[in-house]
Amino acid sequence: MIAMTILAMAFPINVLAISESQEKTIVEQCDKIKENLRTVQHSDSRTRVYLGRYYETILSKFITPLNVRLVENNMVDNKLIDNQESFTKSRNSFIADFIEYQKGLEDLIATDCKTEPAKFYDKLTRVRSKRKIVADDTEKMRSLAKGQLDLVIKLGEKL
C-alpha cells in the first residue's frame with residue numbers, strides 16, 4: 001500500500017481528463033478563449049504592477065521606517081519586526097509566484113488549442129492552479145498589512 005502511494009505521488013495521473021464535449025468546445029471556441037486569455041493576461045499584468053508598487057510602498061514607507069525609528073529609540077517591538085520579516089518574505093513569494101503564473105499563461109496562450117485541445121486543457125488547469133497561488137499570496141499580503149495596522153494601533157495605545 002505504501003509503495004502504491006509513493007508511485008502515485010511520483011507519477012501523477014491526470015484525474016480530470018478532458019471529455020469529448022470539452023475537447024469539442026475548446027476546438028470550436030479556440031479563438032474566443034485565446035482572446036479572453038489575452039485580456040486576462042493584460043489585466044493581471046497591470047494588477048501585478050499596481051500591487052507590486054503598493055506592497056513596496058507599504059514596506060519602504062511605513063513598515064521599515066517605523067521599525068528603524070523604534071530601534072533607534074530603544075523601543076524594539078518583536079511583533080512588528082516579525083511582521084516586517086513575514087511581509088518581506090510574502091512579497092518575494094508573490095513576485096516569484098506571479099512570474100511563474102505569467103510564464104504558464106504565456107505558454108498556454110502559445111499552445112494551439114485547435115490541434116492540441118487536451119494539451120491546452122492540461123496547461124489551463126495548471127495555470128488556474130498557479131493563479132490560485134497568486135490569489136492566496138495576495139490575501140496573505142492583505143492580512144499582513146492589516147496585522148501591521150493593528151500592531152501600530154496597539155503600539156500607539158502603549159505610548
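A few ground rules come with the model: being predicted, it has local features reported only at pLDDT of at least 70 and side-chain atom pairs only at pLDDT 80 or more, while totals for chains, interfaces and linings use all residues. Numbering runs from 1 along each chain as its sequence is written, and side-chain values rest on heavy atoms, with hydrogens and water left out.

Rolling a probe the size of a water molecule over the atoms shows where empty space is left. Here a pocket is an open set of points on a 1 Å grid over the protein atoms alone, where a 1.4 Å probe fits and protein lies on both sides within 12 Å along at least five of seven lines. The largest pocket holds about 160 Å³, a volume being the space filled by probe spheres set on the points, which are joined across faces, edges and corners. Its lining (residues with an atom within 4 Å of a point) consists of Ile58, Lys61, Phe62, Ile63, Pro65, Leu66, Ala145, Gln148, Leu149 and Val152. Helices are DSSP runs of H or I with at least four residues, numbered from the N terminus; α3 (30-72) and α5 (117-158) each bring at least two residues to this lining, and α3 gives the most, with six. Sorted by class, the lining has eight nonpolar residues, one polar and one charged (Ala, Val, Leu, Ile, Met, Phe, Trp, Tyr, Cys and Pro count as nonpolar, Asp, Glu, Lys and Arg as charged, the others, Gly among them, as polar).

Tyrosine 54 and tyrosine 55 make a tilted pair, because their centres are 5.9 Å apart and their planes stand at 55 degrees. Tyrosine 54 is partly exposed at 42% relative accessible area, whereas tyrosine 55 is buried at 3% (buried is under 20%, exposed over 50%, partly exposed in between, with a 1.4 Å probe and protein chains only). Phenylalanine 98 and tyrosine 101 pair edge-to-face, at 5.6 Å centre to centre and 70 degrees between the planes. Both sit in helix α4 (residues 78-110), three residues or about one turn apart, and both are buried. Ring pairs tie Tyr50, Tyr54, Tyr55, Phe87, Phe94, Phe98 and Tyr101 into a cluster.

Finally, serine 129 of helix α5 is partly exposed, with 44% relative accessible area.

Definitions and conventions:
Phe/Tyr/Trp six-rings, centres within 6.5 Å; stacked < 30°, edge-to-face > 60°.
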